[in-house]
Amino acid sequence: MTNNELKDHITQGQPSAVFDETGEWLNVQVEAGEWKAFANWLRHDALQMDYLFCLTCIDWPQTKHLMMVYHFTSTTFRHNVVIKVKLDRNNAEIETVSDIWRTAEFHEREVYDLFGVRFLHHPDLRRLILTDDFEGHPLKKDFEDPVNMIKL
Amino acid sequence: MFSLEHITNSIQQWLYSTFSPTMALILECAIVMLLVIGLFATLGLVLVLMERKVAARMQIRLGPNRVGPKGILQTTADTLKLMMKEGLTPNGADKFLFNLAPFIVMIAAMLILAPIAFAKGFQIWDINIGVLYVSAVSSVSVIGILMAGWASNNKYSLLGAMRSGAQIVSYELSAGLSIISIVVLSGSLQISEIVASQQTGWWLFRGHIPAIISFVIFIIAVTAETNRAPFDLAEAESELTAGFHTEYSGMKFALLFLAEYINIFIVCAIGATLFLGGWMPLHIGNWEGFNHTMDYVPSSVWFMGKTFFLIFLIMWFRWTFPRLRIDQLLSLEWKYLLPISMFNLLLITLIAIMGWHF
Amino acid sequence: MYRETQIIEADNKADGDDLVINVGPQHPATHGVLHLVIRLQGETIQKVEPHLGYIHRSIEKMCESLSYRQFIYVTSRMDYLSAHINNHACAMCVEKALQLEVPPRARVIRVLMDELTRIASHELWWGAMAMDLGAFTPFFYAFRERETINDIMEETCGARLTMNYMVPGGVMYDLHPNFQQRVKNFIQLFNNKIDEYDDLVTGNIIFQNRTKGVGVLTKEDAISFGCTGPVGRASGVSCDIRKLYPYEVYDKVSFDEIIEMGGDSFSRYLVRIKELRQSIRIIEQLIDNIPEGDIQAKTKAVLKLPKGEFYSRAETARGELGVYIVSEGGTTPYRIKFRSPGFSNLSALDHISRGSKIGDLMAIMGTLDLVIPDIDR
Amino acid sequence: MAFLKEYISDVYRAVASLLKGMKTTGSYFIRPKEIITQQYPDNRAQMKLPERFRGEVVMAHDDNNEHACTGCTACELACPNATIKIVTKFDTTPEGKKKKALDTFVYHLELCTMCNLCVEACPTSAIKMAQTFEHSVYDRNQLLKKLNKPGSKIRAGVE
């Protein structure tokens, strides 16, 4: 499916989606509140995006937001799409998709650990890599750790 | 001709002629104890070195080769190291049982040594129920292992000990059945008579295919009974780190380790006695010339040769096969070995009654 | 800074019969510092909970302060068994952003190195997995062949494990004059020895019983868990990046994507063993057809990526590696995300090992081929 | 009867597969020339590492105690770990002009990952990778090295 066809499909499923075609794949930006329903639609409807191959987050301190980035592929149709969800940097909350794509369970825990994004209704939202009593979220741009980080 | 029988007899005569009978008996006991402990120490050193060398050759490497010429002092060095190490007792452990367990395992191994005939007339105690005694005492070591696993207060140790218990209890059945098949053929429980009955040929060859089957089953069962790979579930390094002896260190570990090798030696000695004629040289029917030539090789060499051949076989298993899973281990015993050995015993009984063996 | 190991005690919710065991972080079968908390009922596994982070170096954060030439070397330390392929994926991402044309000779060299790495990685996996199942000898046989590859790597790339041979625009050095001959010798050695592998492990009845029907991962679950590489392909998912999104010269060589339908540990084993032969096939096709020419495209001394987001994928020995670079137009990446195959494969561990025995857990972990630095990054 | 036949063939196949494995290991047991162990510290004399092997960074000096380093700090910039620190000084050339030159080439071996980026970056090929690999010392400070030899100067003609 070409990007234009994908765009048509997605507009039907999510009329408020914002598109960006500068990258290799079609970028779609949706609102955090609409994300869960849209994710369900992506997985189960015509597009069949069953393979979530990358889930990550980007910190943008200047514009005070965190950007969740989901990379999807459909193993039946072999088309790719990138979904972005903008979150408030100080109060980052988003619905989990771990019930739709099981791999998200670990990836979301990792993002929670390193960025502090809270995933609502996640079955087991704990720190994955750092200890439970660790303070701060290391991949945020303003994270400082004078003990463990060596400034070159 | 060199013979251990003459030496032991002359020592005994000298003792009885010099001291009173009671004193002579006590002295004899002391000598025997010293000999047994000496034998254990040497066997431990030799077998560990042999294991490492055999493993190395099979794994296309050299093995220990730095301590002493060709590495023969390696195990001595290891023993020294273990002796100097601190013997830790974990805080939550049952101290008494924890410290007792290695000795029970070791003493059980020592006890089985009594009826084994090392050479012609060279035997500690020719008890008339020798084979029964061996199979009875060999089950004592499982108590030591269970004790070690339970007293360590370690979950890995406990799992290893429980596995070991299930394993040894089950495999004793088929080991016992294959021992019985030789008892049936030779008509005696006494080790010396079993050896004597193989004057004209070893039971392995004389008992047709059923004897070979019971030999194979015996080897499999004793491999399992001594917790050797592929049945080393009690230790299962990659699963339970070290199983029942996870918490042991220093000399206590050395005792458990030594007992393992002594047990291998003993079961192989019994296998050699029952199936390969013990110290009896290779005799074939009534080829007088051939049999006479074979008699020139000392009987102790025959015994050791056969035993070490079986030990090598068991080592060969260890360095070739992956480990079984606990349920597969038990199903191998109860679904395959036990029915086969029972049926086999029936065949052997038939052979013995009809006198079909050679 | 010293950090105490978290020992997870049985919580109050647990049934009194449950036994909670910490497997790792120091355990012979976890190949590194993976910490699994397993809940047992007898010997049957109720739950497996991985605890990560023992060697997390935050490579993603480190890369944010390294230039586009420098960050590649760090990725060798992720999945250290497919160091070349990690470097390759990063180099490809930079090339994609700069729209660099890699010279044909460098492309072929890269593919040759990738496949040699894949063989070396699978060799090590084979030995280590056999060791997990209690057979010690295969490890040494596997290392004999792997050592040959390492020697070849050492001669051409200058290091045995963390080569740092791929640079943006090509490769660092030209091939060593002995390279072709040594690779051919290796192929000969390998073809002689691979039958031993079947005799020793594949055909062995104990091994088959230990792995068949153990840790079954269905196709749907494999996709949902994002399992790629041999793990995904053993469950019937076609996920070989070399076939789906061919890079370098993978579209010009003929090889098969190995797919097994079983989904159990034995299928995962078979996929890797068959992949060894496919890698040999690729190398055989390329080794005599290395085009002459440059080994590096002309690049500026300081690389500056245009503003934007770039994603490249490569097939490592463990599965799909994704490199996601967000650039703000500077000399260092704004954000880098490595989508590591091991991380997703590990997430399926709990799901597939429930209800099996402790011994099965080792078989499952062995065939998942976990490399902990790849998971922890 | 079919059950019995299956049972026996099961046992037969199992035993055959086990014997096959034993044949493999047994055949290695009787062929000691397949042993591949290298006796490492004893074979130092014969051991030859390939010339590309990356052991540590060294600076090549010729017979006149001259090196090719101009002190341009390209290697320092290329290094991802701050392994290299270059201290420069100002020499006066015969014409009386001041010229930047190398004073000390400080190399932290303990930080080095042998990535070869410094050698690649060097415009005058002043540094290269040596094949030494036995770097263990008792004190970490001994790993801090000064690569230019005392009294060495830049080779004439190197810019």
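The legends below describe close-up views of a predicted model.

**Figure 1. Overall build of chain D.** Chain D contains three helices and seven strands. Of the 159 residues in chain D, 21% are buried. Among the contacts in chain D with a separation of 6 or more, 73% come from residues 24 or more positions apart.

**Figure 2. The two domains of chain D.** Domain 1 of chain D covers residues 2–36, and domain 2 covers residues 56–154. A distance of 59 Å lies between the C-alpha centres of domain 1 and domain 2 of chain D.

**Figure 3. Overall build of chain C.** The secondary structure of chain C consists of 15 helices and eight strands. For chain C the radius of gyration is 21 Å, close to the 21 Å that the globule rule gives for 377 residues, so this chain is as compact as a globular protein of that length. Taken along the principal axes, the C-alpha atoms of chain C fill a box of roughly 70 × 50 × 40 Å. Buried residues account for 58% of the 377 residues in chain C. Of the contacts in chain C between residues at least 6 apart in sequence, 70% join residues at least 24 apart.

**Figure 4. The contact between chain D and chain C.** Chain D brings 20 residues to this contact, and chain C brings 19 residues. On the side of chain D that touches chain C, the elements giving two or more residues are α1 (2–29) and α3 (117–121) of chain D. The most is given by α1(D), with seven residues. By type, the residues on this side of chain D are ten nonpolar, six polar and four charged.

**Figure 5. The contact between chain B and chain C.** Here 22 residues of chain B are in contact with 26 residues of chain C. At least two residues of the side of chain B that touches chain C are supplied by each of α7 (155–186), α11 (237–240) and α15 (326–354) of chain B. That side of chain B comprises ten nonpolar, five polar and seven charged residues.

**Figure 6. Strand pairing around β5 of chain A.** Strand β2 (residues 26–30) of chain A pairs with strand β5 (residues 80–88) of chain A in the parallel sense, over five bridges. Within this pairing, Gln29(A) has Lys84(A) in β5(A) as its bridge partner. Strand β4 (residues 65–73) of chain A runs antiparallel to β5(A), and nine bridges join the two. Leu66(A) has Leu87(A) in β5(A) as its bridge partner. The strands β4(A) and β5(A) form a hairpin with six residues between them, and Arg78(A) in the turn has a positive phi of about 60 degrees. In a regular strand, side chains alternate between the two faces of the sheet.

**Figure 7. An open sheet in chain C.** Three strands of chain C form an open sheet in the order β6-β7-β8, with antiparallel pairing. The edges are held by β6 (308–315) and β8 (335–339) of chain C, each with a single partner strand, so one side of each is left without a neighbour in the sheet. On average, neighbouring strands of this sheet are turned by 10 degrees against each other, direction ignored. Eight bridges link β6(C) to strand β7 (residues 320–327) of chain C in the antiparallel sense. Among the residues joined in this way, Glu309(C) has Val326(C) in β7(C) as its bridge partner. Helix α3 (residues 83–98) of chain C packs on the sheet and touches β6 and β7 of chain C. The direction of this helix makes about 145 degrees with that of β6(C).

**Figure 8. Two loop residues with positive phi.** Most residues other than glycine have a negative phi. Asn153(B) is not a glycine, yet it has a positive phi of about 55 degrees. Asn153(B) lies in the loop between α6 (141–151) and α7 of chain B. This residue counts as partly exposed because it has 15 C-beta neighbours inside 10 Å. Glu248(C), also not a glycine, has a positive phi of about 50 degrees. The place of Glu248(C) is the loop between α10 (241–244) and α11 (265–287) of chain C. Glu248(C) counts as buried because it has 20 C-beta neighbours inside 10 Å.

Technical notes:
Residues numbered from 1 in each chain as written. Chains lettered and ligands numbered in written order. Predicted model: local features only at pLDDT ≥ 70, side-chain atom pairs only at ≥ 80, totals over all residues. Contact = placed C-beta atoms within 7 Å. Helix = DSSP H or I, 4+ residues; strand = E, 2+ residues; numbered from the N terminus. Nonpolar A, V, L, I, M, F, W, Y, C, P; charged D, E, K, R; others polar. Buried ≥ 20, exposed ≤ 12 C-beta atoms within 10 Å, placed from the backbone. Rg over C-alpha atoms; globule rule 2.2 N^0.38 Å. Domains from an automatic or database assignment. Pairing = 2+ DSSP bridges. Axes fitted to C-alpha atoms, helices over the stretch in contact; angles between N-to-C directions.
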